[in-house]
Amino acid sequence: MTWRPFGRREPVLRDIDLTLTPGERVLLVGPSGSGKSTLLRALTGLLGSAEAGELTGGVTLDGAAPGARPGAVGLVLQEPGAGVVAATVGRDVAFGLENVGAPPASMPPVVARSLAAVGLGDLDLETPTSALSGGQTQRLALAGTLALDPAVVLLDEPTAMLDPGCAAEVRAAVAAVAAQGGRTLVVVEHVLAPWVDLVERLVVLSGDGRVVADGPVGEVLHARREELLDMGIWVPG
Ligand code: ADP
Ligand code: MG
């Protein structure tokens with residue numbers, strides 16, 4: 001696809017041809033402004049028509065339109081709290097389920113399972129969302145997406161604004177989701193070392209919104225090391 005959103009003159013994403021295999025884990029990197037967040041939003045179908053601009057070619061997921069089932073594509077944003085929608089932990093995780101009309105009786109076990117999956121199983125459901133650390137807040141956001149049983153989970157620099165301890169908690173939660181299997185994961189991050197063992201594939205966007213490398217993570221890191229360093233991406237030593 002080529003995409004010129006936000007009423008821009010130049011496309012943000014150019015000639016993107018990306019096929020995600022169900023269950024695979026992908027790290028997406030590129031310099032600031034290269035269109036990583038825009039690409040994730042394209043995958044969720046989140047950009048409204050006012051912003052959508054001109055899209056040549058489309059986005060397909062497993063042959064179906066993204067968002068065909070609500071929650072099929074989950075997105076965790078960079079800013080902790082950006083995705084918080086309720087005053088308490090329990091209500092926040094249940095929010096998506098309520099929105100898709102899940103029967104009330106079916107929700108508690110799903111909420112409990114989703115919180116446990118991200119290491120928040122011990123939190124009281126009445127805990128105010130405002131009392132959580134940044135790392136807990138990001139894991140809460142992940143739990144909220146998991147509650148809807150997503151086929152694809154997109155994480156947009158989920159640890160960029162966290163201290164090292166909280167970042168490690170979030171990575172552990174993502175690793176647990178990965179270990180569960182069955183879901184496609186796409187993670188955007190600038191510091192690659194902590195993620196390379198969690199993904200099979202590395203996709204590199206250039207500053208002008210093109211895919212300039214795409215392949216097995218070890219191969220791409222080896223072949224594109226200098227280019228990645230030039231982009232300000234922290235490549236493992
Ligand atoms: P990245 O996530 O790789 O830093 P983005 O996808 O956020 O890149 O941005 C890609 C380009 O689109 C940038 O040039 C950015 O300025 C522009 N852009 C992003 N969001 C908006 C918006 N809401 N309105 C106008 N331009 C935007
Ligand atoms: Mg971004």
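Helix 5 has 13 residues, which at 1.5 Å a residue should span 18 Å, and its end C-alpha atoms are 18 Å apart, in agreement. The expected span is 1.5 Å times one less than the number of residues. Helices (H or I, at least four residues) and strands (E, at least two) are DSSP runs, numbered from the N terminus. The model is predicted: local features need pLDDT of at least 70, side-chain atom pairs count only at pLDDT 80 or more, and totals for chains, interfaces and linings use all residues. Residues are numbered from 1 along each chain as its sequence is written, while chains are lettered from A and ligands numbered from 1 in the order in which they are written.

Helix 5 is mostly covered, with 12 of its 13 residues buried. A residue is buried if 20 or more other C-beta atoms lie within 10 Å of its own, exposed if 12 or fewer, and partly exposed in between, with C-beta atoms placed from the backbone. Among the buried residues of helix 5 are Gln136, Arg139, Leu142 and Leu146. Their cover includes strand 4 (73-76), helix 3 (89-99), helix 4, strand 5 and helix 6.

Gly181 follows helix 6, with a positive phi near 80°.

The largest nonpolar core has 57 residues. Such a core is a set of buried Ala, Val, Leu, Ile, Met, Phe, Trp, Tyr and Cys residues joined through C-beta atoms within 7 Å. Those with the most contacts inside it include Ala143, Leu154 and Val187. Not counting residues up to four places away in sequence, Val187 touches Leu27, Leu28, Leu155, Val174, Trp195 and Val199. Contact requires C-beta atoms, placed from the backbone, within 7 Å.

Asp15 sits in the loop between strand 1 (2-4) and strand 2 (25-29). Asp15 counts as exposed because it has 12 C-beta neighbours inside 10 Å. Leaving aside neighbours within four places in sequence, Asp15 contacts Thr2 and Arg210.

Key:
Contact = placed C-beta atoms within 7 Å.
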